[in-house]
Amino acid sequence: MFLTITTTGTPERPATELGFLLHKHPEKAQAFSTSYGTAHVLYPEADAERCTAALLLEVDAVALVRRGKGKGRGGAPDAALAQYVNDRPYAASSLLAVALSGVFSSAMKGVCNARPELPAVPRPLRIAVPALPARGGPGLVRRLFEPLGWTVTAEPVPLDTEFPQWGDSRYVRLELESADRTLVEALRHLYVLLPVLDDAKHYWVSSDEVDKLLRAGEGWLPGHPEQKLITSRYLSRRWSLTRQATERLELVRLAEADDSEVEEIDNAVEAETETEERPTPLAVQRREAITAALKASGAARVLDLGCGQGQLVQALLKDPAFTEIVGLDVSMRALTIASRRLKLDRMGERQAARVKLLQGSLAYTDHRLKGYDAAVLSEVIEHLDLPRLPALEYAVFGAARPRTVLVTTPNVEYNVRWESLPAGHVRHGDHRFEWTRAEFRAWAEAVAERHGYEAEFIPVGPDDPEVGPPTQMAVFTQTTPKEAKAA
Ligand code: SAH
C-alpha cells in the first residue's frame, strides 16, 4: 500500500516545509511498526522547488489473520485460503488510513512545534494513490473529494493489462490536486474517505470511532453533500453508531445556528427603533445599497448567500423586477426564522413560486447555485475562517459564476467611531476577521483577477473622511464568461 504527498515551493515557502509539517526529516528514511505491519516514510524527492513524501505500508497478512482482523466484509469468515491471499497488502484501504493517523498524528492535529504558523498555511498539494479500492467507482470518488475543493483524477485500473477484455478491476488510480489546501485538511479528508471508499473495515468498530470521525470531519463533514453515505460507510453500517454520529453532527449545526442568533450591533440598533429622529439604521442602508446595485445590474434571478433570517429576501420580494429570489444559509435555525418572517406557508402560489430557501454551505461547490444573474454575500465572508475563504471564493466565483456578485463586509477602520464598541474589538462575536479598506480591496481585486470579473467599490453608510464608511461593498461584474451563461 502506497501513498505520496507532493508539494511545490516558492522562495518564501520552500517545498521542504513539508518535512516540518509531517514531523519527518526529508533526509531520513524511517520505519514504524504498526499492529498490521511496518509503515515506511521516505522522501523520493526533496528540494526547495518540489518535495514528495511517501508512505509505504508493508502489511503482514499472517499477523492480520492471527489478530482476527483479516476477515472479509461484515466480518464473515472467509475461506481459509482467502485469509492469506487477499488484496490487503496491495490496496490502499482502511489500514492505510490507520497508518496515516499513527505515523502523522501531530500533522493530523495541525500541530507543528518547530514552526507553529505552518499548519494553517494553504499550499499546493498533490496526493497520489496508485491502487485504491473504490466501491462506487470513479464517480463516487469524485462526489466525495470534489466538494472539498480537490481536482480529482480517478482512473479505473484494468484487471489485467494483457487481457483488456476482462474489464476493469474495482481499483482506481487516484490523484488529488489543489492549489491551496492545508496538509491538515488533506490528511483528515484521506483518513475518513479512504476507508469509506474501501467500505470494508478490518478492525472492530467501537463507539470511539464516532469521536474519531467527528474529530477528523471537523469543518468539512457537516454540510458535505454525501455526509450520510460517508457516516454510514465509515461506521460500517452500524446503525446505532450512525445515528449517534448524525445526531451529533446536527448539534454542530445547531451550535453554528446559535452563533448567528447574536445579532450584529448595527442590526441591534435597528431593532424597533425606526423613529423619525434616528438616522436610517445601517442594516437598512445596506439593503438599500444592495437593492440599488442589483437593479443597476439588471438582475432578475438573484441568490442571497448566507441569507440569515431573510430580511433582504423579504425586501427583494417587494420589487417585481426580481422574478426569482433564493436564500441560502448553513443554519437551519436562521432558515426557520426566515421562513416564518416570509410567511412561506401562507403565501399565494404566484408569490411562492418566486422564492426558495435552501440549506447549504458556501464552503462547498453547489450545483443548485448555477445559472443565476446575481449573488449577494451580505456580511457573510467575515463569518468564515480565513483558510476557508478560498473554498467560498471557488464555490461562488469559480462554480456558480453569476454575472454580478455583491459582497459587503465591515470596514474595521470605522470601528473607532462606534461609541459602544471597546477599542480593538470586532463588531460581532462570530466575526473571524474584519478588514481595512485596503485589505478588502486587495482581496476583491485578486478574486476578480482570478475568475474574470471586474471589481468596483461602493461605500455604504456615512463615508467618514478619515476612516471611511462603516460598511464596504464590492460589486463584481463578469468580464470573461468561462461558461455559456444559462439562458
Ligand atoms: N446576510 C445577512 C446575514 C449575515 S450574518 C445579513 O446581511 O444580515 C452571516 C450569515 O452567514 C449567518 O446567517 C450564517 O449562518 C451564515 N453563514 C456563515 N457561514 C456560512 C457558510 N459557510 N455557508 C452558508 N452560510 C453561512
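Predicted model: local features only at pLDDT ≥ 70, side-chain atom pairs only at ≥ 80, totals over all residues.
1. The surroundings of the ligand come first. A shell of 15 residues surrounds the ligand, and the closest of them are G306, G308, D329, L362 and S378. By residue class, this shell around the ligand divides into five nonpolar, eight polar and two charged residues.

2. A polar side-chain atom of S378 lies 2.6 Å from an oxygen atom of the ligand, while a polar backbone atom of L362 is 2.9 Å from a ligand nitrogen atom. In the side chain of S361, an N or O atom is 3.4 Å from a nitrogen atom of the ligand. The ligand taken alone exposes 570 Å², of which the protein buries 86%.

3. The second largest pocket deserves a separate comment. Its volume is about 1300 Å³, and among the 48 residues that line this pocket, those closest to its centre are E146, P147, A363, Y364 and T365. The lining of the second largest pocket consists of 20 nonpolar, 13 polar and 15 charged residues.

4. As to where that lining comes from, domain 1 (2-204) and domain 2 (279-486) each contribute at least three residues to the second largest pocket. The elements that each supply at least two lining residues include the strands β6 (151-158) and β7 (168-181), together with the helices α6 (137-145), α9 (227-234), α10 (239-261) and α17 (437-451). Helix α16 (389-400) also belongs to this group, and α16 gives the largest share of the lining, with six residues.

Terms used
Residues numbered from 1 in each chain as written. Heavy atoms only, no water. Near = heavy atom within 4 Å. Polar contact = N/O pair within 3.5 Å; in protein donor to acceptor, adjacent residues only side chain to side chain. Areas by Shrake-Rupley, 256 points an atom, 1.4 Å probe, with all protein chains shown as cover. Nonpolar A, V, L, I, M, F, W, Y, C, P; charged D, E, K, R; others polar. 1 Å grid on protein atoms, 1.4 Å probe; cavity = no way out; pocket = protein on both sides within 12 Å on 5 of 7 lines; lining within 4 Å. Points joined across faces, edges and corners; volume = space filled by probe spheres on them. Helix = DSSP H or I, 4+ residues; strand = E, 2+ residues; numbered from the N terminus. Domains from an automatic or database assignment.
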